[in-house]
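Have the sequence and the model open side by side before reading on. The paragraphs below are meant to be followed with both in view.

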Amino acid sequence: MKVVDSVAELRAHLNDARLRGETVGVVPTMGALHEGHSSLIRAACQRAQLVVVTIFVNPTQFGANEDFDRYPRQLVDDVAWADGAGATVVFAPTTAEMYPRGEQTRVRVTRLSEGMCGSTRPRHFEGVATIVTKLMNVAGEGQYFFGRKDYQQLKVIERLACDLLLPVEVIGCPIVRESDGLALSSRNRYLSPSDRQRARAIPEALQAAVFAYRNAERHSSHLRQLVEARVRSAGIELDYVELRTEAELESIEGELRGPSLLGVAAWLGGTRLIDNVILDEHVKDLLQVPLDVQ
Ligand code: AMP
């Protein structure tokens with residue numbers, strides 16, 4: 001396992017690997033690694049010979065009152081975790097390395113960044129698009145792996161890679177969940193025991209919508225209301241519940257006409273959690289246990 005903190009060193013290392021004929025897979029993260037990240041690393045290992053995990057808590061994607069300062073930083077543990085999952089290189093740059101003195105450049109993906117998480121976190125996707133573009137410029141040609149948990153983020157990244165003609169392939173990977181259905185997240189550790197208990201209402205609400213969808217419910221407001229009612233009845237404050245087209249993230253009013261994203265964001269204490277499911281004919285259950293009827 002090689003740990004690199006400079007752009008020049010990573011470039012040199014990857015150039016050498018490419019000269020040896022190795023393909024490159026990259027898993028961008030903010031660290032505090034968990035099984036969700038491991039699944040991306042394993043997917044990368046299956047498809048590329050050299051796998052880089054990047055660990056960088058990116059300041060430009062946090063709003064002024066968000067959790068940048070308290071976001072968990074645990075590089076030693078993360079390096080061991082990435083190694084265990086099969087990565088070959090960890091790239092953990094400083095902020096000064098990624099944002100040179102005097103920097104003033106941002107990447108903005110316009111329409112896909114609007115609404116959903118973009119409403120509550122106005123410049124969040126600009127920060128994400130900027131750092132991912134930088135990482136793609138540093139690590140270069142290869143396959144880049146992202147989780148579908150951050151579905152809007154995945155769409156923004158697919159778009160920028162295409163629009164900026166970057167020599168990369170963007171690969172979206174399935175959401176990894178706890179046994180009660182809660183999507184794994186580095187932020188889950190902020191939850192108090194009682195909030196952690198209540199948080200399961202989020203995947204349960206999405207599961208209820210999956211059942212309704214399988215029973216031919218296609219009306220967006222009915223599906224939305226079903227999710228809202230379940231989440232609220234657990235005493236959770238909603239940020240949004242939205243139905244959007246899967247590919248372009250266009251708002252759906254009325255009937256669902258094709259594969260659709262059902263996305264939810266909610267607050268538990270001071271912690272904001274997100275989750276989603278794609279409603280289409282292949283939709284799988286989110287929960288391993290039967291859903292309580294309410
Ligand atoms: P983060 O470190 O939270 O910025 O996440 C880094 C990458 O891991 C992103 O592409 C996330 O979508 C992905 N990720 C985070 N949690 C999960 C999860 N539960 N399942 C799958 N991917 C995830």
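This is a predicted model: local features need pLDDT of at least 70, side-chain atom pairs count only at pLDDT 80 or more; totals for chains, interfaces and linings use all residues.

Residues are numbered from 1 along each chain as its sequence is written, and side-chain values use heavy atoms, with hydrogens and water left out.

Start at the ligand. Its shell holds 17 residues, of which His37, Gly147, Asp150, Val176 and Leu184 are the closest (a residue is near a molecule if one of its heavy atoms lies within 4 Å of it). By class, the shell has 9 nonpolar, 6 polar and 2 charged residues; here Ala, Val, Leu, Ile, Met, Phe, Trp, Tyr, Cys and Pro count as nonpolar, Asp, Glu, Lys and Arg as charged, and the others, Gly among them, as polar. At least two shell residues come from each of β2 (24–29), α2 (35–47) and β5 (142–147), and α2 gives the most, with 3. Helices (H or I, at least four residues) and strands (E, at least two) are DSSP runs, numbered from the N terminus.

For Asp150, an N or O atom of the side chain is 2.6 Å from a ligand oxygen. Taken alone the ligand exposes 480 Å², and the protein buries 93% of that (Shrake-Rupley method, 1.4 Å probe).

The whole structure has 1 cavity of 30 Å³ or more, meaning a set of points on a 1 Å grid over the protein atoms alone where a 1.4 Å probe fits but cannot get out; lining residues have an atom within 4 Å of a point. The largest cavity holds about 60 Å³, a volume being the space filled by probe spheres set on the points, which are joined across faces, edges and corners. Its lining includes Lys149, Ser185 and Asp275, and strand β9 (residues 271–279) contributes the most, with 3 residues.

Ser185 lies in the loop between β6 (168–173) and α8 (193–199). The side chain of Ser185 reaches the backbone nitrogen of Arg187 at 3.0 Å. Ser185 counts as buried because its relative accessible area is 18% (buried is under 20%, exposed over 50%, partly exposed in between, with a 1.4 Å probe and protein chains only).

How values were computed
On a 1 Å grid over the protein atoms alone, a cavity is a set of points where a 1.4 Å probe fits but cannot get out, and a pocket is an open set with protein on both sides within 12 Å along at least five of seven lines; lining residues have an atom within 4 Å of a point. A polar contact is a pair of N or O atoms within 3.5 Å; within protein, one must be able to donate a hydrogen and the other to accept it, and residues adjacent in sequence count only if both atoms are side-chain atoms.
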